[in-house]
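Please take a moment to look over the sequence and the structure below before reading on. The paragraphs after it are meant to be read with both in view.

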Amino acid sequence: MGVLLDWAERQFREMGRADARELAVALIAAYQGISLLTNTFRDPDLMTTEARRLERWIDSLT
């Protein structure tokens with residue numbers, strides 16, 4: 001999990017974000033949470049919807 005978090009932080013840092021670590025934690029937490037819900041409810045649409053929302057969120061950070 002640490003490797004993934006570090007990777008996400010680097011991506012946000014390359015975007016010029018001073019809050020890269022916090023954004024990385026938020027991204028990984030959201031992704032892990034939706035993965036759990038998708039599996040629990042056996043509803044892949046949950047993952048699709050959240051992935052789109054996360055894409056919009058990341059785009060808004062630039």
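What follows goes from a helix to its salt bridges and then to a single glutamate.

This is a predicted model, in which local features need pLDDT of at least 70 and side-chain atom pairs count only at pLDDT 80 or more, while totals for chains, interfaces and linings use all residues. Residues are numbered from 1 along each chain as its sequence is written, and side-chain values use heavy atoms, with hydrogens and water left out.

Helix H1 spans residues 2–14, where helices are DSSP runs of H or I with at least four residues, numbered from the N terminus. Its 13 residues reach 18 Å from the first C-alpha to the last, close to the 18 Å expected at 1.5 Å a residue, the expected span being 1.5 Å times one less than the number of residues. Within H1, Leu 5, Ala 8, Glu 9 and Phe 12 are buried (buried means under 20% relative accessible area, exposed over 50%, and partly exposed in between, with a 1.4 Å probe and protein chains only). These residues lie on the same side of H1, because they cover an arc of only 105° around the axis, an arc taken from the directions from the helix axis to the C-beta atoms. The face turned away from this buried side carries the exposed residues Val 3 and Glu 14, whereas the cover over the buried residues includes helix H2 (20–41) and H3, contact meaning heavy atoms within 4.5 Å. After H1 comes Gly 16, whose phi is positive, near 90°.

The structure holds five salt bridges, each a side-chain nitrogen of Lys or Arg within 4 Å of a carboxyl oxygen of Asp or Glu. One of them joins the side chains of Asp 6 and Arg 21 at 2.9 Å, N to O; Asp 6 lies in helix H1 and Arg 21 in helix H2, so this pair ties together parts that are 15 residues apart in sequence. Glu 9 forms a salt bridge with Arg 13, with the closest N and O atoms 2.6 Å apart, and Arg 21 forms another with Glu 9 at 2.7 Å. Through shared partners, salt bridges join Asp 6, Glu 9, Arg 13 and Arg 21 into one network.

Finally, Glu 50 is placed in helix H3 (residues 44–60) and counts as buried, at 15% relative accessibility. Leaving aside residues up to four places away in sequence, Glu 50 touches Ala 30 and Ile 34.

Note on methods. Helices (H or I, at least four residues) and strands (E, at least two) are DSSP runs, numbered from the N terminus.
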